[in-house]
Amino acid sequence: TDADGFVDISGDGGVLKKVAVAAPAGARAAKVGDTAAVHYTGTFPSGEEFDSSRRKAHRKNGFPFCVGAGQVIRGWDVGVATMKVTSG
């Protein structure tokens, strides 16, 4: 864990994770093959937003994908596989 609370979860510094909201007690870990639905906001280094799932009517329940299937960028596959399953 670095000074800002980020953990290198890829082993090469390519994917860093910081837990913003703890999962509820008893939540199970996501695993390869699970379908995940996540919300995202893409920003430029300046902070300007260029994309967000929350601003798209067809993404009101998040962006769905199969964990570990290579359907999304590597950081999502690696990162989501370290998260807990919740309905939040």
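Predicted model: local features only at pLDDT ≥ 70, side-chain atom pairs only at ≥ 80, totals over all residues.
Trainee: Which secondary structure elements does the protein chain have, and in what order do they run?
Mentor: The secondary structure comes to one helix and six strands, and from the N terminus on the order is β-β-β-β-β-β-α.

Trainee: What box do the C-alpha atoms fill, and what share of the residues is buried?
Mentor: Taken along the principal axes, the box is roughly 35 × 30 × 25 Å, and buried residues make up 22% of the 88 residues in the protein chain. Of the contacts between residues at least 6 apart in sequence, 49% join residues at least 24 apart.

Trainee: Let's look at strand 3, then; which residues are on its covered face?
Mentor: In strand 3, residues 35–38, the covered face carries Ala-36 and Val-38, while Thr-35 and Ala-37 sit on the uncovered one.

Trainee: Why would neighbours in a strand end up on opposite faces?
Mentor: Because side chains in a regular strand alternate between the two faces of the sheet.

Trainee: And which strand is joined to strand 3, parallel or antiparallel?
Mentor: Strand 3 is joined by four bridges to strand 6, residues 63–66, and the two run antiparallel; within this pairing, Val-38 stands opposite Phe-63 of strand 6.

Trainee: Switching to charges, how many salt bridges are there?
Mentor: The count comes to five salt bridges. One of them is between the side chains of Asp-12 and Arg-74, at 3.9 Å from N to O. That pair links distant parts of the chain, with Asp-12 in the loop between strand 1 and strand 2 and Arg-74 in helix 1, 62 residues apart.

Trainee: Which residues are linked in a network of salt bridges?
Mentor: Arg-28, Lys-31 and Asp-34 are linked in that way.

Trainee: Last one, how many positive and negative side chains does the protein chain have?
Mentor: There are 11 positive and 9 negative side chains, and the centres of the two sets lie 10 Å apart.

Notes:
Residues numbered from 1 in each chain as written. Heavy atoms only, no water. Buried < 20%, exposed > 50% of the residue type's maximum accessible area, 1.4 Å probe, protein only. Pairing = 2+ DSSP bridges. Salt bridge = Lys/Arg side-chain N within 4 Å of Asp/Glu carboxyl O. Contact = heavy atoms within 4.5 Å. Lys, Arg positive; Asp, Glu negative; His and termini not counted. Charge placed at Lys NZ, Arg CZ, Asp CG, Glu CD.
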